[in-house]
Amino acid sequence: MLITFTTDAHANITMFEGDALTMLKMMGHSATVPGAILAADVPAALSRLTSAIDAEKISPPIENENEDTDEPVVSMTNRGLPLIDLLTAAAKAGCNVMWNK
């Protein structure tokens, strides 16, 4: 499944459901889809997400030995960058952020 994040201040961002739900939890929200963040709450959600991703940088996840070793591991930092850009634009413009399947 895919989840799409939307705001009036930025192009839509689509993520795999597992990654999107992880990002939502990092922002301090439940894994409820569909959902939204009011414009007034976007800066706090952005701050929580960037703090959680910064913490991930310090202790990166351990690679699973059973997974295909030819595939590169994509960090949450890289996966979260488009969403951080969207939240930053929404905070700057004072726009709500919504997500749905």
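Colleague: Leaving aside neighbours within four places in sequence, which residues is Asp 19 in contact with?
Modeller: This is a predicted model, and in it Asp 19 is found in helix α1, which covers residues 17-26. Once the neighbours within four places in sequence are set aside, the residues in contact with Asp 19 are Met 76 and Arg 79.

Colleague: What is the length of the polar contact that joins the side chains of Asp 19 and Arg 79?
Modeller: Arg 79 is among the residues in contact with Asp 19. Here the side chains of the two residues are joined by a polar contact, and its length is 2.9 Å.

Colleague: Is Asp 19 buried or exposed?
Modeller: The relative accessible area of Asp 19 is 18%. A residue counts as buried when this value is under 20%, and therefore Asp 19 is classed as buried.

Colleague: In what order do the strands of the open sheet stand?
Modeller: Strand β4, residues 97-100, pairs in the antiparallel sense with β1, residues 2-7, over three bridges. Strand β3, residues 35-37, also pairs with β4 in the antiparallel sense over three bridges. The open sheet has four strands with antiparallel pairing, and their order is β2-β1-β4-β3.

Colleague: Which strands stand at the edges?
Modeller: Given the order β2-β1-β4-β3, we look for strands with a single partner strand, because one side of each is then left without a neighbour in the sheet. The strands that stand at the edges in this way are β2 (10-16) and β3.

Colleague: Which residues make up the covered face of strand β4?
Modeller: In a regular strand the side chains alternate between the two faces of the sheet. In β4, Met 98 and Asn 100 form the uncovered face. Met 98 is the bridge partner of Thr 6 and stands opposite Ala 36, whereas Phe 5 stands opposite Trp 99. The covered face of β4 is made up of Val 97 and Trp 99.

Colleague: At about what angle does α1 run to β2?
Modeller: Helix α1, which holds Asp 19, lies across β1, β2 and β4. The angle at which α1 runs to β2 is about 115°.

Colleague: What angle does the direction of helix α3 make with that of β2?
Modeller: Helix α3, residues 76-93, packs on the sheet and touches β1, β2 and β4. The angle that the direction of α3 makes with that of β2 is about 150°.

Conventions
Residues numbered from 1 in each chain as written. Predicted model: local features only at pLDDT ≥ 70, side-chain atom pairs only at ≥ 80, totals over all residues. Heavy atoms only, no water. Helix = DSSP H or I, 4+ residues; strand = E, 2+ residues; numbered from the N terminus. Buried < 20%, exposed > 50% of the residue type's maximum accessible area, 1.4 Å probe, protein only. Polar contact = N/O pair within 3.5 Å; in protein donor to acceptor, adjacent residues only side chain to side chain. Contact = heavy atoms within 4.5 Å. Pairing = 2+ DSSP bridges. Axes fitted to C-alpha atoms, helices over the stretch in contact; angles between N-to-C directions.
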